[in-house]
Structure formats: structure tokens, C-alpha cells
Amino acid sequence: DSKDAFILTVEDLTVSFDGFKAVNGLNFYVEPNECRVIIGPNGAGKTTVLDLICGRTKATGGSVQFKGQELLKMREDQIVHAGVGRKFQNPSVYEDLTVFENLEISYPRGYSVFGALAFRRDQAVRDRIAEIAEIIFLQNHLQEKAAYLSHGQKQWLEIGMLLIQDPELLMLDEPVAGMSVAERVKTAELLNRIIADRSVIVIEHDMKFVEDIATRVTVLHQGKLLAEGSMAHVQADPKVIEVYLGH
Ligand code: ADP
């Protein structure tokens, strides 16, 4: 494989907190249109890896290349602008605004000196909002205040607020936590829809859900890569079984 085939190239990624290596020489490679799921026991370093990629935490060493750009040299806002979106575990939508308005304020405005004033509700924006609302199953809720949505619908809305910025890589931390079974099924459908035009990295504990969404699974343990491949492949790996079942 040529490295040009990857949208994200993570090499020798390392971070120390007071001498403790939470992520220790990690390598992994994400292809376009991939849903990569990172699994591993608590404390394995999963959240820290996403924090490093999005610039929230500064790496001690290594390289993270996104479409040929070195993310480790960029600020968090520059990384967002380069096309990397990150959703955290708790939904942070604007409760007093409608679904439409939440999507509207997330629409990229560019860096016009007129800022929000220059922003008009033109047809292109409306069309894009309608398109996103359908992907996130909220096309019939556009005029509802976000406060009245279910927990799952708020999670989808937050994904929509990222999608409207058109990231090529979307990172999600436990997207189905707290969701009903029906919402989990729809979230799997949502992720399978969005990888048609982008890549996704998901941290997930629910193995049934991982099976439904993962193109490939990366297993972390003590900040290092323990195993990688299809869900079936990593599940059959004796190292993975040992880490999950203990001894
Ligand atoms: P996971 O998401 O797999 O549960 P984390 O990435 O949250 O694991 O944490 C990995 C390890 O790094 C844990 O031992 C955690 O306590 C430690 N850690 C994470 N962030 C910090 C920090 N800012 N300062 C010190 N230790 C941290």
C-alpha cells in the first residue's frame, strides 16, 4: 500500500503525563470511506489518541499526517479547518434553539469581517440543512427546540452540526452511550451512510455495535497497539481475549 491511499497516518504517536506514557509509539493508518473503531480496556489510551489527533492534547513525539498535513504542528482550530471534526461524549447542542437553528449556526461562514451579519439564510444553506437533517433522522423535527429532543436525537444533532462543516474525518467518542436499542440501530445506519463520503474513527465499548459499524478495529492496550483487523480477526486474537477476560 502506498501512503497516499490513507487519509490519516499515525506514526510513533507518543504522549507522556509526568513520565507516564498514556500513548506509547502508536502506529495506525485510516483509509478513505473507513469506519475505524478503537477498542480497549479502560485506561488503554483511546480518548487520549483522539485528543492528540484533534490538537486538544499536545503529543510528546511522533507524527499525525492528515491528507499530507502534519496535525501535530497545528492548533485545534486549524485542525478543524483542515477537515477533522470531533464529537465528545456528552451532547452539546443549543437547547433553546431549534434543530434548524442548531444546524444553521454550525454552517461554515468563512472568515468574513462581517461575520454573522454577512450570513444569509440563502437557499444553498437551507438545502444543506435539509440534506443533513435527513441523514440524522431529524427531517421532521427541524422546527423543534433541541431541548425537546431525546438524548439519542441530541447526539445525532451534534453529529449533524459536525457534518454540516463537511469534515473528511469525523471522530466520535462512544456515540451510542445512553441510547435506546432502536436508536443504536439507527446510529449504525447513520454511520454507514456518512462513510460514503468521509472516514470516521469511533471509540466504542458495545461490541455488538462495533460489529455493525467497523470496517476495521484497532485494539489498544497500555497505550500500544495490541491487535488490528476485522472484528472477527481481533476477537479471535489470544492477546485480545487475554486482555478482555483477564487471568
Ligand atoms: P481510555 O480512553 O482508553 O479509557 P484514556 O486515554 O482516558 O484511556 O487514559 C489513558 C491513561 O492516561 C489513563 O491512565 C489516564 O489516567 C491517563 N491520562 C489521560 N489524560 C491524562 C492527563 N491529562 N494527565 C494525566 N494522565 C492522563
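A: A helix is a DSSP run of H or I at least four residues long, and helices are numbered from the N terminus. The model is a predicted one. Just after α4, Phe 137 has a positive phi of about 65°.

Q: What makes α4 a helix, and how does its reach compare with the span expected?
A: The DSSP run has to be at least four residues, and α4 covers residues 123-135, which is 13 residues. From first C-alpha to last, α4 reaches 19 Å, close to the 18 Å expected at 1.5 Å a residue.

Q: Why say that the buried residues of α4 line one face?
A: Buried takes 20 or more other C-beta atoms within 10 Å, and Ile 129, Ile 132 and Ala 133 are buried. Seen down the axis, the buried residues of α4 fall within an arc of 105°, so they line one face. Their cover includes α3 (99-106) and α5 (151-163). The face turned away carries Gln 123, Ala 124 and Asp 127, which are exposed.

Q: Why are β6 and β10 called edge strands?
A: The open sheet runs β6-β7-β8-β3-β9-β10, with mixed pairing. β6 (84-87) and β10 (224-229) each have a single partner strand, so one side of each is left without a neighbour in the sheet.

Q: How do you know that β9 and β10 pair?
A: Pairing needs at least two bridges, and β9 (residues 216-221) and β10 have 5, in the antiparallel sense. That clears the cut-off, therefore they count as paired. Val 217 has Gly 229 in β10 as its bridge partner.

Terms used:
Residues numbered from 1 in each chain as written. Predicted model: local features only at pLDDT ≥ 70, side-chain atom pairs only at ≥ 80, totals over all residues. Helix = DSSP H or I, 4+ residues; strand = E, 2+ residues; numbered from the N terminus. Expected span 1.5 Å × (residues − 1). Buried ≥ 20, exposed ≤ 12 C-beta atoms within 10 Å, placed from the backbone. Arc of directions from axis to C-beta. Contact = placed C-beta atoms within 7 Å.
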